[in-house]
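Hi,

Here's the structure I promised to pass along.

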Amino acid sequence: MIHAALLLALFADFDSNFTGRTLRFDYHHVGTAGEQHVAYSGLRLEGEWAGSRRQLVDPETLGQYRFRVLDAASGELVFARAFSSIYGEWKSTGDAKQRWGSIEESQRFPEPKRPVVLALDERGDDGVFKEFWRQEIDPASRFVDRSPLVKQGEVLTLAENGPAATKVDLLVIADGYTAAQRGKLEADAKRLTGALFSTEPFKRRARDFNVRVLHVPSTSSGISNPRKNEWRTSLLGLAFNAFDSDRYVLTFSDRALREAAASVPYDALILLANERKYGGGGIYNLWATCTADTEPSAYVFVHEFGHSFAGLADEYYSSQVAYEDLTKPGVEPWEPNVTALLDPAKLKWRDLVDSGTPLPTPWNQAHYDEVDLAYQKKRKDAIDAKATEETNEALMREIKALTQPLLAAEEHYGKVGAFEGSMYLAKGLYRPEVDCIMFTRTPTTFCKVCERALEQTIRRYVD
Ligand SMILES: [Zn+2]
């Protein structure tokens, strides 16, 4: 227990710059593969600032983008948040070479007491952030929407462990649950967050989290599935088939989502879809999505939260994705769990590698790929044939049964090294261990590198 007077002293810096409430900057991120623009939408006052009051500037190591807040008079950096975005993914798709796109985005930050400059940076191929937009704002001006927040739906509290300022505030928002399905939502949320908190490092850190569920009843059950011509009106607008990827669940209605969430303190969001069909998604410091009722739902919940919470990359490389040029050759990815291994001596997780483990670390990739590619073809055929979830799940069990013994038999299984094949590329990118929750659906643990990145992220909110 931290004494109240001590907290006051610790937060003195924060209090000199910020009011303690949350300001939200809404905008549209628009452009093509080759150019990007920010179209300013507005500023909205939200509730209490739930984030850390001591660690206000994220390290520059993570994220495709960075949002900065600078004191307008002195130029001092008072807040910085690393993030990735739907726009950042969209610009790497083939569509972005053909036409303009427009994605709703927002940035939440502690409400400043004085005029500030807002700035957005994008990470270049050299790994360095470069500013592409800035604007000065006066938080005291009449251009900030200060209308009272409208409480939507019901908040179910699953875990309350302390003040929002010193805990990770995890908010699960339901989509596609009717009023009558409240009990199902509570059971689903308990089951899935239960899976998260039985996985390290969340297990040992469970008391550093507050966990809440927001239920705004939907008029009908489920979310839209365009490939089956099934359409639902839902609060958050969650839908399958984002970027024409069958299993990819996103919403493009950021404004509706933020307004719904604004009356609940939160640091991290998971959007839970009441669906039998396999799917999910996760974008760093945006949110994760997951469907509730598939055989691997608990796995997907944990995997996608790894993306959104700590910026972990997918370690798999064979599944179909829409991204065409996410990583250029010779560029070291910023994600903590993937490397181009440009200089093994400077490997970012070098301290976790035993002296006897070679870099790159050999594994039987050719045989694994043979087995996996046959599965990927069956999976694509099943999706194209609009197969049932039971058929898809039988396929997933089959690949697990085939690949689990292969990976477990690897000489360097369970050891940290640099194993070729990661983040959608079979060659040129490396992952830290043979297997991990970010690689296959088999393991129930993260590799040591992912676990450490998650632990470091928790500390950004609680220390
Ligand atoms: Zn990993």
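**Helix pairs**

α8 covers residues 365-384 and α9 covers residues 389-408; they pack at an angle of about 180°, and their axes are 11 Å apart. For the geometry, axes are lines fitted to C-alpha atoms, for helices over the stretch in contact, and angles run from 0 to 180 degrees between N-to-C directions. Helices (H or I, at least four residues) and strands (E, at least two) are DSSP runs, numbered from the N terminus.

Before I go on, keep in mind that this is a predicted model: local features need pLDDT of at least 70 and side-chain atom pairs count only at pLDDT 80 or more, while totals for chains, interfaces and linings use all residues. Residue numbers start from 1 along each chain as its sequence is written.

Back to that pair: on the α8 side the contact uses His367, Tyr368, Val371, Asp372, Tyr375, Lys378, Arg379 and Ala382, and α9 brings Thr391, Asn392, Leu395, Ile399, Leu402, Thr403 and Leu406. A contact here has C-beta atoms, placed from the backbone, within 7 Å. Sorted by class, the α8 and α9 contact has eight nonpolar, four polar and three charged residues (Ala, Val, Leu, Ile, Met, Phe, Trp, Tyr, Cys and Pro count as nonpolar, Asp, Glu, Lys and Arg as charged, and the others, Gly among them, as polar).

The other pair is α7 (residues 297-310) with α10 (residues 448-462), packed at an angle of about 50° with axes 10 Å apart. That angle makes α7 oblique to α10. Gly306, Phe309 and Ala310 of α7 meet Cys450, Ala453, Leu454 and Thr457 of α10. Five of the residues in the α7 and α10 contact are nonpolar, two are polar and none is charged.

**Sheets**

Six strands make an open sheet with mixed pairing, in the order β9-β11-β10-β12-β14-β13. (Two strands pair if DSSP finds at least two bridges between them.) Its edge strands are β9 (154-159) and β13 (280-283), each pairing on one side only, and the twist averages 20° from one strand to the next. β13 pairs with β14 (residues 287-291) in the antiparallel sense over four bridges, and Gly280 stands opposite Cys290 in β14.

Helices lie across these strands too. α7 turns up again here, across β12, β13 and β14, and runs at about 170° to β14. α6 (residues 254-261) lies across β10 (168-175), β11 (209-215) and β12 (268-273), at about 120° to β10.

There's also an open sheet of four strands, ordered β4-β3-β6-β7, with antiparallel pairing. β4 (77-83) and β7 (129-137) are the edge strands here, each pairing on one side only. β3 (residues 65-71) pairs with β4 in the antiparallel sense over six bridges, and the bridge partner of Arg66 in β4 is Ala82.

**The whole chain**

In total, the protein chain has 10 helices and 16 strands. Its radius of gyration is 22 Å, close to the 23 Å that the globule rule gives for 463 residues, so the chain is as compact as a globular protein of that length. The radius is taken over C-alpha atoms, and the rule is 2.2 Å times the number of residues to the power 0.38. Along the principal axes, the C-alpha atoms fill a box of roughly 65 × 55 × 50 Å.

Cheers

Notes. Angles under 35 degrees count as roughly parallel, over 145 as roughly antiparallel, 65 to 115 as roughly perpendicular and the rest as oblique. Two residues are in contact if their C-beta atoms, placed from the backbone, lie within 7 Å.
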